Every structure is written in C-alpha cells, then in structure tokens.
Amino acid sequence: MLGDQKPEVCVIGLGYIGLPTAAIIARANCQVTGVDVSDHVVDTINRGEIHIEEVDLDGLVQGVVQRGMLRASTRIVPADVFVIAVPTPFAKDGRHTPDTSHVMAAATEVAGVLKKGDAIILESTSPVGTTEAMRDLIAGLRPDLKMPGRTAETPDVAIAYCPERVLPGKILEELTHNDRSIGGITPRCARKALAFYKRFVRGACLTTDARSAEMTKLVENAYRDVNIAFANELSMIADHMGLDVWEVIKLANRHPRVNILQPGPGVGGHCIAVDPYFIMHGAPDHSPLIRTAREVNDAKMRHVIAQARELIASSPGVAVACLGLAFKANIDDFRESPARFVAASLAREFGDRIRIVEPYAAQLPPEFTGTGAALIDIDTALEGCGILITLVDHDVFRVIPPEERRGAIVYDTRGIWPDSAAAPGENRLRLAS
Ligand code: SAJ
C-alpha cells in the first residue's frame, strides 16, 4: 500500500470531521478525493470554500483545493486508503439505538472499488463490533478478496478503526497534535493504519485491536458526561441548600487530586450526550452509572427551565435576555444545544418578553417562529432587559463588567460572573446554577 509512495486517499463523509481530516491529509501531499452525498457540499469544496465553521479551515481547504491536492465528488473513486467519517446517529425508534447504516452504506461503496493492498479505516464513532461487521459486509460483497481476521492466510486488505477525538473549535490543531488510538482487525491491519496516520499526526499513535479502539472512543465521552453530571448534580444540591456551587467547586479544586468540571444548563453537542447510549446499548445491565449520568444531565436542563420560569413569572412585565443559543462557548453550532432548548421553552411560555442574544446567529432557529421572541444584540439587552439569563459562556458575555449588569436580576447558569454577587447595588439572584 504505502512504501515510500504517497497513498491516494478517499475520505467518505465531508462533515465536521471528514472535511478537516481530508484537508490535513491533502496538506501532507497525499492526493485526496473527498466524497459526500450532498451536491452542495461537493460544489462548495470544489470552489475552495467550506460549508462548516471551524477555525482556520477555510484557508486550509482553499489552499489544498487550489494546489489540486483535494477535490470533492459525489462518487467514490479507487484509492489506496479509504477513510470513512460518516454520521452514526440514533435510529428513529426512540430508544437511542445506534444507527450504523451510513457506515455500512459507505463500506458498500468502498467494496465496489476495493483492490488488493488497500486499507479501510473507520473513524465514525461506532458501537463496539462495527468495524468487524463492516469487514463481514465487505467480505460478502467481495468474495474474491481475502479479509483480515477471517482466514489464516495473508489478507488482501487492511481494516482498522481509528476514532477522532478533536474538540470543535480546535479541530485542526487537535487533528494534528492529539494522540490517536489505532485499532486493527489484526495487528497487521493496525500497522498499516499506523503508517498512514504517521504521515499527518504528530501526537503518539497507539495501536490496539478494533473493538478496544471502538470502546475507547465511547469511554472518553462517557467519562466526560459522568463528570459533568457530577458538577450538575452538585449545582442542584447547592440550589437546594442555598450554596454558591461555583465557590464550592473553586475551593474543592484546590485539592491536588480533585478536578470538578463546570455545571451548566445541560450537556449538548453530538458526542458527549450521544456516545454513552452506545455503551448502554451494548451492555444495558452493566452501565447504571453511565445511564444515571445521562439522566442527571438531562434533569439539569429541566431544572434550569423550572428555575427560570419561576424567576420570570415572579417579575411580571420585565424583559428577559437569554444569553446564548450555542451548545458551548465561542462556536456557532446550535445543534443539540441545551441553551437553545431552554430559551425556546421560555419563549413559548413568555412570548415577546423573551429576547435572545446570540452573536453567532444571524437569525433565530425555526422553533422561535411565532413565539414573539426577538434576536437582539448584547448592548440592547443590557440597556433594556431587567432579567439576564446566561446560558452559554461566550467570551463576549464573560467580559461584561459588573456595572453594566447592575440593577438586573441575573440567573447565571454558567458561572461566568462570579463578581456579580459582590457588586454593590446589584440584584443578583443567588441561584447556584
Ligand atoms: N460542558 C459542561 N461543563 C463542562 C464541560 C462541558 O457543561 O465542564 C458541556 C458543554 O457546554 C457542552 C457539552 O458539555 O454542552 C460538550 O462540550 P465539550 O466541550 O466538553 O465537548 P464536545 O462535545 O465539543 O467534544 C467532545 C470532546 N470529548 C471529550 O472531551 C472527552 C472531543 O474531544 C471529542 O472529539 C468530541 O466530543 C467528539 O467528537 O466525540
């Protein structure tokens, strides 16, 4: 496959992971074809533009497209290495069942052009066993090729699982510098994949088996979910006891072996609130802690809504500014966002008393239509709103000085204004969360 010659690479799925990955591989001077089902995505990339927001991605894509190293297509092409980075959503059964049909569809496409010596690497977050299931699917479609792990003979192709672990907002940096887990169906597969990642990853590349690598990805996000749940539970306990949770966490974290995360209005995004279910699905009777953490984090969002409703109802006529809709700070991603859910819920109930401040949005999402809620800028909110509810810790909110918040009732679900309690004349609600 590799030798000294640079492999031709086909990246399937040009979303938040696939596009930056394709661009970084192209930057390492491998010829890359990016494949996506969307004509719009393909056309945009072939113009040297991007369809998602990510720091520095626009310049990188423009450069590699201009140099002819990356091109996009709706059709798969023969290559030496296939990287699959398609979504793995939940099935529409309402039971959080993982849906790997996009992975299997991509594998089916790959099978059509696969040749001896090729490598297939799955990057999509997947339930344990998906890489082997993908191998079995391809084996059925290509009986002419010997598949790894199914025969004692030397296999014709290599198949590995290598999850991404990059943080939205720092994707390019983390794609290059994070360590990677590389799980081969066999050790030989892992070595082939390792040689490929070494071309563009500067972090350590650790080889393992495919199932361990699949589980590792899920465990990383479940670990974070459980730890955020601990912080969120503390915040609800603190509300009950009349304590300032931020103060308690700040002090507890001075212990050399304690590092409590930050409470918020719930856990959003497409990974941390999703991946734990992939573990629960595989081991439903052995994952009570992971399940409970999910419940606590969801309960926290309902707790915030209840607290906010009480506050708004007890101040009739006062205009309310909800600060932020994004799922976390300093990004324009509003999907699976607890802030958005809380704000929409308040807008439905309190109508035009609710104003939304979201510097990363040009317009309100569709669920606000007809509620009467309006999108306003932060200065207007500070001048005209008597209640401020912080839902996202965007830097632009964090830097608002106490004197500009004075007189407003503040419900700070992110703990961004620790000073506000001490500000003279300020009517800060002493809610912990
Ligand atoms: N959050 C809190 N309190 C905290 C930290 C986060 O409430 O102390 C909330 C955020 O506001 C947000 C959610 O959790 O709603 C998730 O944000 P995040 O920044 O923790 O993570 P993501 O979803 O942007 O990215 C995660 C990362 N995983 C881990 O940190 C273990 C990233 O490395 C993964 O690559 C990514 O999921 C993914 O694609 O799986």
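The pLDDT is the predictor's confidence in each residue, on a scale from 0 to 100. The mean pLDDT of the protein is 95, and 96% of its residues reach 70 or more. Over residues 422-428 the pLDDT falls below 50, and this stretch has 20 contacts in the model beyond near neighbours in sequence, a contact being heavy atoms within 4.5 Å. The structure is a predicted model, in which local features need pLDDT of at least 70 and side-chain atom pairs count only at pLDDT 80 or more, whereas totals for chains, interfaces and linings use all residues. Residues are numbered from 1 along each chain as its sequence is written, and side-chain values use heavy atoms, with hydrogens and water left out.

The largest nonpolar core has 41 residues, and those with the most contacts inside it are Val9, Ile45, Leu70, Phe196 and Tyr197. Such a core is a set of buried Ala, Val, Leu, Ile, Met, Phe, Trp, Tyr and Cys residues joined through side-chain atoms within 4.5 Å. Buried means under 20% relative accessible area, exposed over 50%, and partly exposed in between (1.4 Å probe, protein chains only). Among the elements that each supply at least two residues of this core are strand S1 (9-12), helix H2 (39-46), strand S3 (70-73) and helix H7 (187-197). Helix H1 gives the most to this core, with six residues. Helices (H or I, at least four residues) and strands (E, at least two) are DSSP runs numbered from the N terminus.

Thr21 is located in helix H1 and is buried, at 3% relative accessibility. Beyond four places in sequence, Thr21 is in contact with Glu123 and Leu175. Asn29 lies in the loop between H1 and strand S2 (32-35) and has a positive phi of about 70° although it is not a glycine. Asn29 is partly exposed, with a relative accessibility of 37%. Lys6, in the segment before S1, is in contact with Asn29 as well as Ala28, Cys30 and Arg199, neighbours within four places in sequence left aside. Lys6 is partly exposed, with a relative accessible area of 42%.

Helix H10 (residues 275-282) is largely enclosed by the rest of the structure, because six of its eight residues are buried. These are Asp275, Pro276, Tyr277, Phe278, Ile279 and Met280. The buried residues of H10 pack against helix H8 (210-241) and helix H11 (288-313).

Leu382 belongs to helix H13 (residues 378-384) and is buried at 15% relative accessibility. Residues up to four places away in sequence not counted, Leu382 touches Leu388, Ile400 and Glu404. Glu336 sits in the loop between strand S9 (320-323) and helix H12 (338-350). Phi of Glu336 is positive, near 50°, in a residue other than glycine, and Glu336 is exposed at 56% relative accessibility.

The second largest pocket has a volume of about 250 Å³. Of its 15 lining residues, Glu54, Pro168, Gly169, Asn330 and Ile331 are the closest to its centre. A pocket is an open set of points on a 1 Å grid over the protein atoms alone, where a 1.4 Å probe fits, with protein on both sides within 12 Å along at least five of seven lines; lining residues have an atom within 4 Å of a point. Grid points are joined across faces, edges and corners, and the volume is the space filled by probe spheres set on the points. The lining has seven nonpolar, two polar and six charged residues. Ala, Val, Leu, Ile, Met, Phe, Trp, Tyr, Cys and Pro count as nonpolar, Asp, Glu, Lys and Arg as charged, and the others, Gly among them, as polar.
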